[in-house]
Amino acid sequence: MSGGRGSMGPRLDLEKGRVEMVQGSGGRASCQLVEEIFLPAFDNPWLRKEGDQAQLDLSEGRWAMSTDSFVISPVFFPGGDIGSLAVHGTVNDLAMGGALPLYLTAGFVLEEGFPLADLVRIARSMGEAARSCGVSVVAGDTKVVERGKGDGIYINTAGIGRIPPGVNLDPSGIRPGDALLLSGPVGDHGASVLAARENWGLATSLCSDSAPLHGLVGAMVESGPGLVCLRDPTRGGVAATLNEWARLSGLSFEIEEAAIPIRPEVKGVSELLGIDPLYLANEGRLLAVCRPESADTLLGAMRNHPAGREAVSLGRVGRGRPNFPSGCVRMKTLMGGTRTVDWLLGDPLPRIC
Amino acid sequence: MSDLRYLESFRDPELGRSLLASLGTLARRLPRTPVRIMEFCGGHTHAFHRFGLLELLPPEIRMVHGPGCPVCVLPKGRIDAAIDLSLEKGAVLATYGDVLRVPGSHAMTLMKARARGGEIKTVISAMEALALAETHPDRDVVFFAIGFETTTPPTAAVILEAKRRGLRNFSVFANHVLTPSAMEAILSGTSLDGIIGPSHVSTVIGTRPYDFVARIHKVPLVVAGFEPLDILLALRMLLSQIAEGRSEVENEYARAVAPEGNLRSLELISRVFERAPAFEWRGLGLLPQSGLAIREEFGFFDAQRRFSIEVGHVSDPGICECGDILKGVKGPRDCRIFGTICTPDTPVGACMVSAEGACAAVFHYGDREGAVS
């Protein structure tokens, strides 16, 4: 990293330089990109070996593994960027199984002409996010595609995490009567990305909720028994997660509109775009199903953790009844009526994660 | 953004309950029941379902869905013509997102045409379509313009702007239709006791164009906003009129709608458009003087002239009841294929496609068994 490794020619211009095809060729230029941008950002013993693979000493027991690709536009948004999002996304997917995330890999697809300054900013943000999550980016890959064949930058991360003994979070355990909890306000991420994309000057107070959730999950698991399963409502929002659970469990989910926390700014953006906040993506929230007798304790544990400060009880799991068969989600509206909360109608909102 | 908090005040549950109670009281004073009230706009249909209002109404009120869904009333022949523009005539087609999934003949859609190589872009404004023409100077860019009076002024504005900029490669396939014509057609075939008038359309045309509804057809009409309290208040105004034997045009949405409409927008429309002799509507059929054509003066920007577009008549498939649903003769659940063959993911008719379609509203928000609407 300090430039003492053989001759690489002049250093990259990290302020004004741009990604070039040759940097994805596997030659000296690829190596230089890794040495001058990714190694300093992610620095750890595995990467320093610069091998084809990272060799890990894993303990016995159950491990969770997950992967996710990030194609968000714009790459920088209020509250985060594609780099921190790529770390949080995979960390959270692991955390939803109760796992403690430990190792990540990162794959970059860069478009020819992408500013190196932006790449540095993204790599550093990724490194910082990884360090604050306690995970290491132990292997990576970079490809460059011709101008016009990509959209600046795509990132894939994969990760593994260790599931503590005795933890078994599984939606097949959902039973009628179970309680439904939500860790905080919905739609912050989706609304801020959409507002950033539309370039509205008015939405200044909006901020993505992109954040790691494994700490919160740890606190929930430790609070006692009764936690059944978790999911982070990303693409498709809270509505999609509830519908997935309803379909998987064959039970009905009943929620209260009055209980759903939504920030006024998010409501505003949703109204302007004609989108129900229940369908907006979240990147730092989780939904939990738990036994009814554990709901209060669990809610208390969530509210005692910074990532769950605004947690609420959202509703319950039912058996289904006429006009409201199993496998669907119903909501009592503010006005006092009821309605189905369906999967997203029409085209999903593109490129939000 | 904080000024958007005013929305809360139009969704106040307390006020909602008191309005509902007053509807119950008024309903008992009605000369005959049930009363059939049409919400003309798809936006209102969706609001009824989204806020869960239908089941809260007194049983004396029967809501009937109207044809106010721009995508729904577009006949197949016009979808076919747009597909032809893209695939056969090689134009870059720009249009609003909902239009892409509306089936034309042989279940073909613009979305499928795009998969077959047609260059079709979704835009959220007419101006975006104009911008496409500027960034594709070597291609013919056609804006496939649809909608009631709400979306007509922006279309007129881009035609004027294209002329000002001297754009040679931009034209508009105009499919703009007129709300009062559709109301006339509905009232001559469907018996109604009251109409909730459009929100957005009325911000452009005002309330006066509806006078014939009250005067000639003796049907009360109240223009209403899209919020739950707007809708409940409009219903109360309608029930009062019915109970008192009045038929007038009233305006609940006075915060946005003036009786004379938006004069600048109306001027834009009449500068660029004139009434076409007739326009075919899905469901309502061929209605005289019900659609707009681009004036001769702007003929250069008229895709129909430039590409010699012939719009043919294409019948809807026999099993699809969109036609009767748009007329208010049937409800979505009266259709045999509702929710089985025809769903938002596999729409047979336009009413299931659009975010403003009645079938989509009932499927998306409604009960999963039994009938409510």
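A polar contact is a pair of N or O atoms within 3.5 Å; within protein, one must be able to donate a hydrogen and the other to accept it, and residues adjacent in sequence count only if both atoms are side-chain atoms. All views come from a predicted model, in which local features need pLDDT of at least 70 and side-chain atom pairs count only at pLDDT 80 or more, while totals for chains, interfaces and linings use all residues. Residues are numbered from 1 along each chain as its sequence is written, chains are lettered from A and ligands numbered from 1 in the order in which they are written, and side-chain values use heavy atoms, with hydrogens and water left out.

**View 1. B:His65 and its polar partner B:Glu39.** Start at strand β2 of chain B, residues 61-68, where you will find B:His65. Strands (E, at least two residues) and helices (H or I, at least four) are DSSP runs, numbered from the N terminus. The side chains of B:His65 and B:Glu39 make a polar contact at 2.5 Å. B:His65 counts as buried because its relative accessibility is 7%; buried means under 20% relative accessible area, exposed over 50%, and partly exposed in between (1.4 Å probe, protein chains only).

**View 2. A:Arg339 reaching B:Arg50.** The side chain of A:Arg339 comes to 2.8 Å from the backbone oxygen of B:Arg50. With a relative accessible area of 1%, A:Arg339 is buried. Leaving out residues up to four places away in sequence, A:Arg339 touches, among others, A:Asp276, A:Met331, B:His49 and B:Tyr365; contact means heavy atoms within 4.5 Å.

**View 3. Strands β4 and β5 of chain A, side by side.** Follow β4 (residues 100-111) and β5 (residues 136-145) of chain A, which pair in the parallel sense over nine bridges; two strands pair if DSSP finds at least two bridges between them. A:Tyr103 stands opposite A:Ser136 in β5(A). From β4(A) the chain passes through helix α4 (residues 116-133) of chain A to β5(A), a right-handed β-α-β crossover. Right-handed here means that, with the strands pointing away from the viewer, the path from the first strand over the helix to the second runs clockwise.

**View 4. Chain B as a whole, with its 15 helices and 13 strands.** Stepping back, the C-alpha trace of chain B spans about 65 × 45 × 45 Å along its principal axes. Of its 373 residues, 58% count as buried.
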